[in-house]
Amino acid sequence: MSTPTGFMEYKRELAVDRDPLERIKDWEEFHLHMSEEQLRTQGARCMDCGTPYCHTGIELAGSVSGCPVNNLIPEWNNLIYRGRWKEALDRLHKTNNFPEFTGRVCPAPCEGSCTVGLIGDPVTIKSIEQAIIDKGFEEGWVVPNPPQMRTGKRVAVVGSGPAGLAAAAQLNKAGHTVTVYERADRIGGLLTYGIPTMKLDKGIVQRRVDILEAEGIEFVTNTEIGKDIEGPQLVADFDAVVLCGGATKPREVAIEGRELNGVHLAMDYLNGTIKSYLDSNLEDGNYISAKDKNVIVIGGGDTGTDCVATALRHGCKSVTQFGTVAKAPLERDAINNPWPQFPHVYTLDYAQEEAKALYGEDPRAFSVLTKKFVGDENGNLKELHTVQIERYIDESGRKIYKEIPGTEKVWPADIVLIAIGFEGPESTLIDQFGLEQDRRTNIKAAYGKYTTNVDKVFAAGDIRRGQSLIVWAINEGREAAREVDKYLMGSSVLP
Ligand SMILES: Cc1cc2nc3c(=O)[nH]c(=O)nc-3n(C[C@H](O)[C@H](O)[C@H](O)COP(=O)(O)OP(=O)(O)OC[C@H]3O[C@@H](n4cnc5c(N)ncnc54)[C@H](O)[C@@H]3O)c2cc1C
Ligand code: SF4
């Protein structure tokens, strides 16, 4: 236990990020750390409640509750309180291969289910996680640790996002010879191309990739399985194949005017900027610029939020983010959203905080449905037509959206970014391997087993569960590695 009464003596504190008006002038990370003394005090707030919901990682009412990689949170809170950082790092690495990613971008379902949060403000778990791993790197404690011996078995991992990297790391640890194939020019999946640099610096991704490489994992970029190497060929060449290709098929809007110049998919917008920034510090101009433009982002999730932050850094004239859901309450609804469920409450994410600092208000418009895009005589987007909607649940429990008459509105727009999610994995590999799909078109493989209908072929991460979270991808990559190890060796000591 940290201190028995710490949660009563100390208030919850969070690291103060860089000033929003300063940070939108560059593409550097906005995260800052608390001092060691502050972190120690925050660790002391953990009451070691005996049944720590914070590390359960279960789904409740459609959302995650607790940490999906089952981080040993009370243990490292206690160690931080006692100043035993190196031991805290060892504990953290036991369950999470990449705390430097989750410590920065995880939505922290652990905090939503923290027992202190039942009667007050939860422990600052995510900031402590980031501080432990960042100190680990600063102190030189995170070093390559190659396996003592090799099994002679060869495993191919397709896709280098968090699921593929976690699977590769664990399989390599078990002594298998691992090759990771990635079709992009850089390793990292959505950690690299997807999440913008200000939320996750790409040097931090590369630093981990360098360690994995030094541990013996081979990375092959610019190689698409299904095109550059046929799927069946891969199965013939390796003892097992783990598919971690993500859920990359974008969801489209099928409304009038979609073809107009200026209407873009969010991922084209985000990735163009990231690549141009990494290649040339945006000098090559190979990206969609929002400079001096009125920008509308359709979609209220992480992708939409990242579009808002990117548009601000491009120097947009205005930015608005549409969502179909209603504004969340300030405090969790004790009846419909009780602890330890993930709290659905109104918060400002980093991009909305930045837009508010610049323009004076939250850029989000809630309960908005886009009806059509309208262009000028040259086919350039000019405006969006919307209507307010309300949601209700019908007798069969289905969510129904009803348009509210008289709420029609016209919004001037030069650029629209469509960020309404993903429809599952692409079909090339699925067709080539003859893989079964579930009803949401993801690859069919049971959670905890990861075996597909094709012998030797496993699937993990978004390609199996649909668009999700980094922490779930790490969880699935780790677990799939254990199943592959069992398949190859008959048993496994991997966690
Ligand atoms: C813009 C955006 C922001 C997000 N922000 C957050 C966030 O803040 N926090 C959070 O927890 N989650 C966030 N997510 C979700 C998170 O990034 C994903 O859930 C996670 O990356 C999934 O990991 P994965 O390894 O399964 O797949 P991915 O990260 O999608 O990686 C799949 C990789 O496989 C490669 N690939 C696909 N097919 C092939 C093939 N045939 N051959 C070779 N390579 C192939 C792809 O190029 C890609 O690199 C965000 C997602 C997006 C799109
Ligand atoms: S990985 Fe996410 S859920 Fe788990 S401890 Fe870290 S912030 Fe919390």
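1. In this predicted model, an oxygen atom of ligand 1 is placed 3.3 Å from a polar backbone atom of P162. Two further pairs involve nitrogen atoms of ligand 1: one such nitrogen is 2.8 Å from a polar backbone atom of V105, and a nitrogen atom of the ligand also lies 2.9 Å from a backbone N or O atom of I225.

2. Ligand 1 is surrounded by 36 residues, of which the closest are V105, A163, E182, I225 and D462. V105 and I225 therefore deserve a look in both lists, because a residue counts here when one of its heavy atoms lies within 4 Å of the ligand.

3. V105 also belongs to helix α6, which covers residues 99–105, and the loop between α6 and α7 (109–112) holds A108. The backbone of A108 is worth checking by eye: its phi is near 55 degrees, which is a positive value in a residue other than glycine.

4. P340 is found in the loop that runs between strand β9 (318–322) and helix α15.

5. Turning to the helices, two packed helices are described by the angle between their axes and the distance between the axes. For helix α4 (residues 73–81) and helix α5 (residues 85–95), the axes come within 8 Å and cross at roughly 165 degrees. Angles over 145 degrees count as roughly antiparallel, and α4 and α5 are therefore roughly antiparallel to each other. The crossing in which α4 passes α5 is left-handed. On the α4 side the contact is made by E75, W76, L79 and I80, and on the α5 side by W85, E87, A88, R91 and L92. By class, the residues of this contact divide into six nonpolar, no polar and three charged.

6. Helix α13 (residues 266–280) and helix α14 (residues 302–314) have axes that come within 10 Å and cross at roughly 50 degrees, which makes α13 oblique to α14. Here too the crossing is left-handed as α13 passes α14. The residues A266, M267, Y269, L270 and T273 of α13 meet T303, D306, C307, T310, A311 and H314 of α14. This contact of α13 with α14 has six nonpolar, four polar and one charged residues.

7. Helix α14 has another partner in helix α15 (residues 350–359), and the axes of these two come within 8 Å and cross at roughly 40 degrees. The two helices, α14 and α15, are therefore oblique to each other, and their crossing is left-handed. From α14, the residues T305, D306, V308, A309, L312 and R313 meet Y350, A351, Q352, E354, A355, L358 and Y359 of α15. The residues of the contact of α14 with α15 comprise eight nonpolar, two polar and three charged.

Notes:
Residues are numbered from 1 along each chain as its sequence is written. Chains are lettered from A and ligands numbered from 1 in the order in which they are written. This is a predicted model: local features need pLDDT of at least 70, side-chain atom pairs count only at pLDDT 80 or more; totals for chains, interfaces and linings use all residues. Side-chain values use heavy atoms; hydrogens and water are left out. Axes are lines fitted to C-alpha atoms, for helices over the stretch in contact, and angles run from 0 to 180 degrees between N-to-C directions. Helices (H or I, at least four residues) and strands (E, at least two) are DSSP runs, numbered from the N terminus. Angles under 35 degrees count as roughly parallel, over 145 as roughly antiparallel, 65 to 115 as roughly perpendicular and the rest as oblique. A crossing is left-handed if the near helix is turned anticlockwise from the far one by less than a right angle, and right-handed if clockwise. Contact means heavy atoms within 4.5 Å. Ala, Val, Leu, Ile, Met, Phe, Trp, Tyr, Cys and Pro count as nonpolar, Asp, Glu, Lys and Arg as charged, and the others, Gly among them, as polar. A polar contact is a pair of N or O atoms within 3.5 Å; within protein, one must be able to donate a hydrogen and the other to accept it, and residues adjacent in sequence count only if both atoms are side-chain atoms.
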